[in-house]
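Good morning, and thank you for joining this group meeting.

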Amino acid sequence: MELRQLEAFAAVMSTGSVTAAGRLLGRSQPVITRSIQELEAEVGYALFARNGPRVTPTEQGFLLYDDVERALVGLKQIRQRAEEIARGDDRPLRLAATSALATGLLPAALKSIEGRIETSRVQLRSMSPERVLHDVLTGAAQLGATSLPLEHRGLTVHWIGQVPCIVALPANDPLAAQTSLSIDDLMGRRLITMANPYRLRRRLDQALANQGRRAPGLIETNSSVNALAAVRAGLGLAVLEPITVYGLPVDGVAIRTLDIDIPFFFGVITPQSQPSLPAVQAVADALAETAAQLLPGFVRHEASEHGALLHSIYGETTPVMDSSAS
C-alpha cells in the first residue's frame, strides 16, 4: 500500500471524480485510475462503483476513507513538523475537544492566557468524545477536553467539571416567560437531544423515566450547535449542556433552568506517556478558571472523584479500559 495510492483514493473521495482528483494532485487521469486499481487489488474489494466517467464510493470505500484520511493528515503533520524543525519554529500546541468544549470554552480559555504561553501556534480540532480520547492516548493531541467517562489507562485526568443542564427554547415561546421549567413543561413538545446514548442522553432519558415521562417526539443530533440551530428554527426544545449556549450565545434562543438536576460532567486530560509542558498545564488551568467564570453552577472535582461520579451516573463504575480498546 503506497502513499500515491492513498492520496489518489482520498482525492477521488473528496472531489467526486477521477478527473478532478487528477487536477487536484497534478496527475493525469490514467495515473489516478491506475493507482485506484492497484489499491483495490491490494485490499481485495472495490472502492468505487463505476458508471462510465462517474464513480460512486462503495460501502467499503466509505469505511476505509476515515482511516485513510487520518493517516494522510498525520503524514501531512509530520511533513509540516519536519519543515518547522528545519526553520527552528516552535512546536504547535495540539488540542482536541468535543464540539461543545471547542466552541464554548476553549476559545475564551486560550484568550485568557494569550501572551503567557511560549508557543504562538495552536491547533484546535473538534471531534467525538471517543475520538478525543483516542487522540490523547496516541499523543496526536497534547490535551483533550471531553465528557465522562475518562477511565482509560494511559490518561492523566487534571480535573473534572460538573454543571447542570439547561433548556434552550425559542425566545418567542410562551414558556420563555418562566424563569425555570419542569419536566411537565417539556411534555407535549418535541425534544432536541444528543444521539449518543452513553453520555448526556443517558441522564436525560433517566430523568424522564424517573418522572414516568417519555418525550413524544425527538430530533437527535451529535452537536449542541446543531441543536441550538434547530431550536432557533422553532423545531422544539433542547435539554443541553450549558457550555455551548453560554460560550456562544445564539440570537432568538432563550435559556432557562430545569427544576431537576441533570448534571453534565466533563474533564481535561493529557497523555501519561508525555510530560505536561508548561503551555499544556496553562491551558488546563485556564479551562478551569474560564468554566468557573462562565458557567452558572460549575463545580470542580478532583480526578480522584472520577469513580464516585461514574457511580452517580451509571449506578456502578465501569471497568478500566486500556488504550487498545479506545
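Let us start with Phe 266, which is buried because its relative accessible area is 1%; buried means under 20% relative accessible area, exposed over 50% and partly exposed in between, with a 1.4 Å probe and protein chains only. Before I continue, please note that this is a predicted model, in which local features need pLDDT of at least 70, side-chain atom pairs count only at pLDDT 80 or more, and totals for chains, interfaces and linings use all residues. Residues are numbered from 1 along each chain as its sequence is written, and side-chain values use heavy atoms, with hydrogens and water left out.

Which residues form the aromatic cluster? They are Trp 159, Phe 264, Phe 266 and Phe 298. Rings of Phe, Tyr and Trp (its six-membered ring) pair if their centres lie within 6.5 Å; planes under 30 degrees apart count as stacked, over 60 as edge-to-face and the rest as tilted. By this rule there are six aromatic pairs. In one of them, Trp 159 and Phe 298 are edge-to-face, because their centres are 6.1 Å apart and their planes stand at 90°. This pair links distant parts of the chain, as Trp 159 lies in strand E6 and Phe 298 in the loop between H12 and E14, 139 residues apart. Helices (H or I, at least four residues) and strands (E, at least two) are DSSP runs, numbered from the N terminus. Trp 159 is buried at 1% relative accessibility, and Phe 298 is buried at 16%. Phe 298 also forms a tilted pair with Phe 266, at 6.3 Å centre to centre and 40° between the planes.

I turn now to helix H12, residues 278-294. Its buried residues include Val 280, Val 283 and Leu 287. The buried residues of H12 pack against several elements, among them strand E6 (155-164) and strand E13 (263-271); contact means heavy atoms within 4.5 Å.

Finally, how do the axes of H2 (residues 18-25) and H3 (residues 29-43) cross? They come within 8 Å and cross at roughly 105°, the axes being lines fitted to C-alpha atoms, for helices over the stretch in contact, with angles from 0 to 180 degrees between N-to-C directions. H2 and H3 are therefore roughly perpendicular, a term for angles of 65 to 115 degrees. Among the residues that meet are Val 18 and Leu 25 in H2, and Ile 32 in H3.

Conventions. Angles under 35 degrees count as roughly parallel, over 145 as roughly antiparallel, 65 to 115 as roughly perpendicular and the rest as oblique.
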